[in-house]
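Please walk through this structure with the explanation below, which goes from the parts of single chains to the contacts between chains.

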Amino acid sequence: MKKIPKAEFIKELSKWGKIFFRTDEGFLENNELSNRRPSKPPKKFVIPQEEIYLLFYRPEQKIVQKEIFRKEEKKVIFGLYPCDAKSIELIDLNFLKDPKDPYYVKRRESLLLVTEACTHPSTHCFCTSLGDSPFDRRGDIFAFGMKDYYLAEPLSDRGREAILWDKFANATEDDGKLLEKAKKEIEKSLEQFDFKNIHKILYQKYKDKIWDELAFKCVNCGACTFYCPTCYCFDVQDVERTNWGYRERVWDSCMFTIYSLETSGHNPRSAKMTRLRNRVMHKFAYYQTSYGEYGCVGCGRCIDICPVGFDIRETLKTLKLEAGHD
Amino acid sequence: MINPYKAEVATLVRNNFESDDRAIKTIYLEFENGKKMEYIPGQFCELSVFGKGEAPFGIASSPTEEGKVLEFTANRAGLVTKALHETEIGEEIGIRGPLGNGFPISKFTHHNLVIIGGGFAFTTLRSLLVFALHNRSDFGNIEVIYGAREPGLLIYKNEFKKWRERGDVNIYLTVDKEFPGWKGRVGFVPQVVGEIAPSEKDAYAVICGPPVMINFTLPVMLKLGFARDKIYTSLEKRMKCGIGKCGRCNIWSKYVCKDGPVFSFAEIEELAEEH
Amino acid sequence: MEEKEPKILTFLCNWCSYAAADLTGTSRIQYPPNVKVIRVPCSGRVNPQFLVKAFHDGVDGVWVSGCHLGDCHYTEGNYYAQRRFLIIKSLLEYVGIESERIHFSWISASEGKRFADIATKVTEDLKKLDSSPVILAKKR
Amino acid sequence: MDKKIIELLKEKLENGEIEGVLGFERKQYPEKNGVIFVNHSEGLKRIADSLFNTLNIATYLGKLKGKKVAVLVRGCEERAINMLSVENQLNREEFFLIGLPCQGIVNIRKVKSLYKGEIKNIEEKDRLIIVEGDKGKIEISVSKVLSNSCLDCQRPTSPTADINIEGDTISPDADFLKVKEIESLSFPDRWEMFKNEFELCIRCYSCREVCPLCYCETCFVDSSDPQWVEPGKDVSDIASFHLIRMLHMAGRCVGCGACEIACPEGIKLSYLTSKIAKDVKEAFNYESGLTATQKPALSEFKQNDKGEFIL
């Protein structure tokens, strides 16, 4: 672990790429670092809301298809809290498994994730309940902000190559202690549930009537999915013009009826409850089954943003109680 | 890196209507570059009409058929199927595939086969049946039960005639109710299956059709003694990417496009609610 | 500078205004070719969202014409249309679509001359606007 | 909650006249008040009237079809129920409606813009809200943080509730000040303003889903054939969505403002909803949802309707 003066750290990183700072709203250029988890996740850096990826046109008789790869300039996402860094790693699981998504790969390679230990959890945060920590070392570089310095260390090859680490002094033992102390304090301050085995309970309770009650509030808008840092579902649509057209993908939400509506008119998830249940199950059970990780990082944005006051923590707690666990 | 989202271009070489109401059409495609696609029965392709969209279709032809032509049968229902119906001979269609797992042919080999279909869902069943008939000695008895709402909606009628004439496969066609001129069986598929009562001994069964038909046929099969892991089906879902990325076609943690579309009922037993 | 020819999407009711357009033609009265006609059974058939879609797809103006009030083939179709037109015109202008881009009229089957006059007025009105595209038009 | 009402509901629950009560549950900030369905008398104490009950309760009645339910309603909510009844989405007679005296709803975004710190707690007291947080404690007059739609409220009390609770309400000015201000702008300035609003939209359709009157099985925006609105973030598509939705709301919208507060991006949808309310009021002298039989404004006409704008 190195000890690097703040301004110098930023300067070094800016050599790698354009820096996007953590702000209250999201990750923006030319901004001061805020002390809050941004209201919007860094998801747009890996999956833009709208991406035109194929272009077709008919110069003469034959149709021509052209892949559209955006020019991806190198970007440093600075000050991601570990939850947001984890969220990108979770999305990676989907897009980097075979067959790899070439558009995603290109964008992902243009990013340097600089994580900062989270010292200001929000009221809705619950990462520790899922077994994560606000001090988890994730991303390409992990940093801990002190008064004038960052304690920083690289975690990946990209992180190691981004900065000439040898230039900087090593952190002292005292610095390390300070970090540990802060970590303990913050972890303690976070409200603790225990959702570490929630997938088992979810599979067990899948057909339970409790779901109707849990889903009563939900009106099935897509706000939670669009604000969720790990929700990656997309829709593919064609747009047609005279003699040309394009194929694009846009964010989609499992909360929408048409998400699963088949052309025949049959909808496997026609009831609103089943769509909410699928969302919860996907995050806390299916992801676990597929990848051994929950598809939720406990950032609490869905709770912040929900227009009807649906609280995922309450839901999981209720399910646990129903299943006879405390 | 291969771009799995980019379609290859095929040309529509032939087409014909399957049903009397002209809502079901079979189209025959050939790759522009002369490629022959390798696939197994039960797999599907994403077909696209450029500018209209992309949709999944089970491959109706069998890899054992001669030539390089791929066959798909589409019911005119949505935007893409409408555009496919309107595509004329010589025009281009985008194609991505083969996708999905396909039928477990190696398991089926040296066993009896019971093929049950309903409506226009006989497409991949045609592929399987033709495959089995081309490798006739690899399979035991083959029984085919196929039904539609009315005689005019039965697809592949001419081929059924030929298959029946072979004499080495039992074919039962049925329609839901009496129709003038229809001399065959009358009754819903589940009921007919009960009447014919195919033997479960050494047999695998495949059921494809609308969800209602499947839901009523499954109990009949179970009653006949078929084990859940010996009854297969091919599931329909709304699909977009076809490669397990876009998220919508999941049944629990499985994606129908990638882990399916062919599942045994042992695999989807638990998942009854969402398909 | 080349003057831009505006495209005007025009919905004419089958029974009056469309017949009037026919009469204009058979009477050899000239009217601007900017008017692109879609025949509809009744002005009441014109869903206001057609207009939004038209602007989105890049037309410069819209014009809807039906029978005079009281003359509707379906007795009251144009009365309903009138209410909807008021709302759509007001709403589109409210978000910034210029008044010159949205026109409504009642023209009977015998008013060939009037049809040509209004077609001319609608076109002239549009030509007065600067040639910037309609705000709702999709750029690609 | 009014003691007499609790007693009344208790009685009705116990003698089986109703199967449950639908109302809002008060939560401590930052949790949000949500709708609850209470089917036993002990649960009644959870139901509370609050300035932060930002949804329209009529949205939830579809989930309770076939049940005999008592519903606590404000003016706009009752009008939405009437509207739904006119449009055969539910039967007004199945519900026992208790009209609340409405003091308006508070838009939390306005509170946050006035309190420049981390809010820890919010209390309601008469016409004040008391905000506490890391920047101390301040009192804010409700009128300063009222939802935009409430500023244009024409009818805070329920027109046809089964019983009405007496009490203070906001004054029904309905002066449409903001609409008039926008109408006075030049065409380019209007679009500049709306464009900035529409560009925020992420197409989560919260506005549609919380709207009691957006009940279409397939929304036009989800239709692919014809495709009224193309996918994506282009402002032309987003504007098309909001404008067409407004057209569908014209003469039906009850002006509850649920859509504006629900919008995670804070788009000022009230600028549009108030506009259509003003238009139908001025042109047709119409207010939606006044009775359970009055047709929507655009589903009826009068011989002498305004038509000067037609050539």
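In this predicted model, chain A is divided into domain 1, covering residues 2-189, and domain 2, covering residues 198-322. The centres of domain 1 of chain A and domain 2 of chain A, taken over C-alpha atoms, are separated by 25 Å, and the two domains meet through 33 residues of domain 1 of chain A and 26 residues of domain 2 of chain A. On the side of domain 1 of chain A that touches domain 2 of chain A, strand E4 (50-57) and helix H2 (82-95) of chain A each supply at least two residues. Sorted by class, the residues of that side of domain 1 of chain A are 17 nonpolar, 7 polar and 9 charged.

Strand E4 of chain A also has a place in an open sheet of 4 strands, in which the order is E5-E4-E12-E11 and the pairing is antiparallel. The edges of this sheet are taken by strand E5 (64-67) and strand E11 (234-241) of chain A, and because each of these has a single partner strand, one side of each is left without a neighbour in the sheet. From one strand to the next, the twist averages 20°. In general, strands of a sheet pair through backbone hydrogen bonds, in either the parallel or the antiparallel sense.

Both senses of pairing can be followed around strand E8 of chain A. On the one hand, strand E7 (residues 111-116) of chain A and E8(A) pair in the parallel sense over 3 bridges, and A:Thr115 stands opposite A:Phe142 in E8(A). On the other hand, E8(A) and strand E9 (residues 149-154) of chain A pair in the antiparallel sense over 5 bridges, with A:Pro154 in E9(A) as the bridge partner of A:Ile141. E8(A) and E9(A) form a hairpin, and 3 residues lie between them. Why can strand E8 of chain A be described as largely enclosed by the rest of the structure? Strand E8 (residues 141-145) of chain A has 5 residues, of which 4 are buried, so the rest of the structure largely encloses this strand.

Chain B is likewise assigned domains, with domain 1 running over residues 8-99 and domain 2 over residues 105-234. The C-alpha centres of domain 1 of chain B and domain 2 of chain B lie 23 Å apart, and the contact takes 17 residues from domain 1 of chain B and 16 residues from domain 2 of chain B. The side of domain 1 of chain B that touches domain 2 of chain B divides into 5 nonpolar, 8 polar and 4 charged residues.

Within chain B, one residue can be followed individually: B:Lys68 is found in the loop between strand E4 (53-58) and strand E5 (70-75) of chain B. Is B:Lys68 buried or partly exposed? With 15 other C-beta atoms within 10 Å, B:Lys68 is partly exposed, because a residue is counted as buried if 20 or more such atoms lie within that distance, and as exposed if there are 12 or fewer. Leaving aside residues up to four places away in sequence, B:Lys68 touches B:Glu30, B:Phe31, B:Gly34 and B:Lys36. The C-alpha atoms of B:Lys68 and B:Thr124, which are 56 residues apart along the chain, are separated by 17 Å.

The contacts between chains complete the picture. Chain B and chain A meet through 34 residues from chain B and 37 residues from chain A, and the side of chain B that touches chain A has 13 nonpolar, 9 polar and 12 charged residues. Of the 4 pairs of chains in contact, however, chains C and D share the most contacts, with 33 residues of chain D in contact with 30 residues of chain C. The elements that give two or more residues to the side of chain D that touches chain C are helix H6 (177-183), helix H7 (187-198), helix H9 (235-249) and helix H11 (270-284) of chain D, and the largest share, 8 residues, comes from H9(D). By class, that side of chain D has 22 nonpolar, 3 polar and 8 charged residues. No contact joins chain A and chain C, whose closest C-alpha atoms lie 9 Å apart, and none joins chain B and chain C, whose closest C-alpha atoms lie 14 Å apart.

Terms used: Residues numbered from 1 in each chain as written. Chains lettered and ligands numbered in written order. Predicted model: local features only at pLDDT ≥ 70, side-chain atom pairs only at ≥ 80, totals over all residues. Contact = placed C-beta atoms within 7 Å. Nonpolar A, V, L, I, M, F, W, Y, C, P; charged D, E, K, R; others polar. Pairing = 2+ DSSP bridges. Axes fitted to C-alpha atoms, helices over the stretch in contact; angles between N-to-C directions. Domains from an automatic or database assignment.
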